[in-house]
Amino acid sequence: MNKIFNKVLKAPWPYWAAAIILSLLNVFLLMFTGAPWRITSGFLYWGMWVLEKFGYNDFAGSYFEIYGGFTAGESFLVNTVSVLNLAVILGALLSVLISSEFKWRRIKNFKQVAFAVFGGLLMGYGANIAFGCNIGAFFSGIPSFSLHGWVFGVFMVFGGVIGSKILMRYMV
Amino acid sequence: MTSERIEALKKRRQEEMKAIKTRDQSPYGWTLLIIVLGIVSVLFINQSHYMWVFPLGILLGFTLERSRFCFTASIRNPLTLGTTKLLQAVILALMVSTVFFFILQVLTLDIGNFLISEVPGTLRPIGWNTVIGGSLFGVGMVIAGGCASGTLVRVGEGFTLQMVVLMAFIAGALLAGVFHYSFWYDSFIEGREAIYLPNIIGFIPALLLQLTVLGLLYAGARKFAKRKNI
Amino acid sequence: MKTMKEEFLDCMHEACPIPLIKASKKLQKMKAKDLLIMKTDHNCSITNVIEWVDKQGHKMDYIEIGRGEWEIYIEKVDSHE
């Protein structure tokens with residue numbers, strides 16, 4: 001019995017099953033919380049929260065100033081997307097611990113770090129000017145029948161092509 | 001599909017592994033699960049603002065991790081390896097989500113008499129910010145080895161490199177969302193409304209069109225994988 | 001008698017998707033019936049490798065050799081066979 005249970009949990013879940021589960025979860029998020037899955041605004045929130053702790057508070061004209069969602073001095077956990085992001089991390093951690101696959105994977109060399117930083121900066125910048133990332137703009141935008149999701153998706157693929165060329169030339 | 005030689009090697013390794021004690025982490029996992037269930041219970045009892053967000057997020061992270069689902073790989077793998085199973089899965093997810101979101105929207109809206117701001121979902125205007133932002137994101141996600149969701153999952157798995165990606169992501173977000181945002185907002189966002197497909201061609205046509213396009217992309221992805229090159 | 005080579009590839013601590021790309025490049029240079037043994041600590045390597053190996057027609061299996069570490073065995077099958 002234990003063996004069967006472990007097989008269900010240990011073996012990778014098939015992609016098509018995950019596709020259906022993720023779609024269901026997204027629509028549940030929409031139904032029960034009023035908004036579908038998004039990630040990027042949570043990262044911006046974390047950033048602004050840290051900036052504020054360091055004494056910076058000139059947020060005039062910023063994303064949250066226009067759309068709401070950030071108040072100076074409030075806790076790390078007040079923003080919904082912030083909690084959602086932490087829960088996703090926790091869910092992944094739960095998954096690896098139960099299957100004994102957690103490993104503190106250290107960094108190998110500086111080249112990795114350079115590409116990680118460069119890639120992260122591009123993602124953070126791009127997602128914030130485009131109203132979302134692969135989840136907020138693409139995975140939630142397209143099913144919402146908003147054309148911005150498609151436009152984002154097309155150019156995300158375009159960017160992916162360029163990124164792959166860079167990958168194959170400099171990173172392998 | 002495996003071979004005799006491989007199975008022999010594997011058996012030998014398995015014997016070697018039996019001698020070494022690898023620590024079982026599942027007790028930590030079950031403990032964490034109990035804590036998570038405890039938090040969820042407290043949230044529900046208090047009818048907290050986060051009572052759905054938290055458990056749904058946990059399930060999202062769990063599902064992503066167990067299935068090794070990766071949006072970055074769905075676009076990168078066809079180009080570098082010629083495999084498209086992930087891409088097909090992403091398209092499938094979009095098709096299923098489309099149907100679910102459609103049903104919700106039709107049930108919620110007062111058809112013929114609603115504002116775009118009332119539509120359930122993520123609706124945003126389009127501009128050069130979308131074009132440039134999407135492109136930058138696409139390049140970044142392949143170079144960083146993971147997208148936004150992938151980064152969260154890898155952080156949970158223990159990848160220190162993705163913690164670096166996360167910090168850089170936040171830095172990029174601050175640059176765009178705080179320091180440069182006025183430029184983007186004034187130039188491309190202010191005053192524009194989202195374009196909602198059913199408003200242009202009607203609800204049923206929108207559903208059919210979107211499913212057809214996605215279906216064609218799905219078929220195209222399957223065909224692409226059959227080509228033997230790369 | 002034809003000697004069947006065993007090649008090793010250590011991809012621990014590599015960034016995604018380096019392990020599989022390195023493996024595919026190495027396999028290109030190997031001869032039929034040669035064996036590639038690779039180590040990785042990316043769990044996505046398993047699903048990626050299975051998919052790619054199936055497509056190329058090679059034979060493979062894998063085993064978990066530690067917490068979050070895997071050893072993957074790939075035997076090259078000549079596409080002209």
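1. What separates Lys18(B) and Glu15(B) in helix α1 (residues 4-19) of chain B? In this predicted model, the two residues are three residues apart in that helix, and so they are separated by about one helical turn. Their side chains meet in a salt bridge, at 3.6 Å from N to O, and Lys18(B) counts as exposed, with 66% relative accessibility.

2. Because Lys26(C) lies in helix α1 of chain C and Glu7(C) in strand β1 (residues 6-11) of chain C, the pair ties together parts that are 19 residues apart in sequence. Lys26(C) counts as partly exposed, at 25% relative accessibility.

3. Over all chains the structure holds 16 salt bridges, and one of them is formed by Arg68(B) with Glu101(A), whose closest N and O atoms are 3.7 Å apart. Arg68(B) lies in the loop between α3 (53-67) and α4 (71-80) of chain B, while Glu101(A) lies in the loop between α5 (80-98) and α6 (110-129) of chain A, so the pair joins two chains. Arg68(B) is buried, with a relative accessible area of 3%, and Glu101(A) is buried as well, with a relative accessible area of 2%.

4. Glu101(A) also meets the side chain of Arg66(B) in a salt bridge, at 3.0 Å from N to O. Across the interface of chain B and chain A the rule finds two salt bridges. Both arginines, Arg66(B) and Arg68(B), belong with Glu101(A) to a network of salt bridges that also links Lys10(A), Glu65(B) and Glu64(C).

5. The contact between chain B and chain A takes 119 residues from chain B and 121 residues from chain A. The two chains bury about 11000 Å² between them, with 79% of this area on carbon and sulfur atoms. The count of residue pairs in polar contact between chain B and chain A is 34, with both residues at pLDDT 80 or more. On the side of chain B that touches chain A, helix α8 (residues 160-179) gives the most, with 18 residues, and the residues of that side divide into 78 nonpolar, 32 polar and nine charged.

6. The contact of chain C with chain A brings together 20 residues of chain C and 16 residues of chain A, and these two chains bury about 1600 Å² between them, 52% of it on carbon and sulfur atoms. His13(C), Ile21(C) and Arg67(C) supply 33% of the area that chain C buries against chain A, more than any other three residues. The rule finds four salt bridges across this interface, among them the one in which the side chains of Asp41(C) and Lys103(A) meet at 3.1 Å, N to O. On the side of chain C that touches chain A, at least two residues each come from α1 (18-29), α2 (43-56), β3 (59-66) and β4 (69-75), and the residues of that side divide into seven nonpolar, five polar and eight charged.

7. As for the fold of chain B, its secondary structure comes to 11 helices and zero strands. Chain B has a radius of gyration of 23 Å, whereas a compact globule of 230 residues would have one near 17 Å. Of its 230 residues, 57% count as buried.

Technical notes: Residues numbered from 1 in each chain as written. Chains lettered and ligands numbered in written order. Predicted model: local features only at pLDDT ≥ 70, side-chain atom pairs only at ≥ 80, totals over all residues. Heavy atoms only, no water. Contact = heavy atoms within 4.5 Å. Buried area = accessible area lost by both parts, 1.4 Å probe. Polar contact = N/O pair within 3.5 Å; in protein donor to acceptor, adjacent residues only side chain to side chain. Helix = DSSP H or I, 4+ residues; strand = E, 2+ residues; numbered from the N terminus. Nonpolar A, V, L, I, M, F, W, Y, C, P; charged D, E, K, R; others polar. Rg over C-alpha atoms; globule rule 2.2 N^0.38 Å. Buried < 20%, exposed > 50% of the residue type's maximum accessible area, 1.4 Å probe, protein only.
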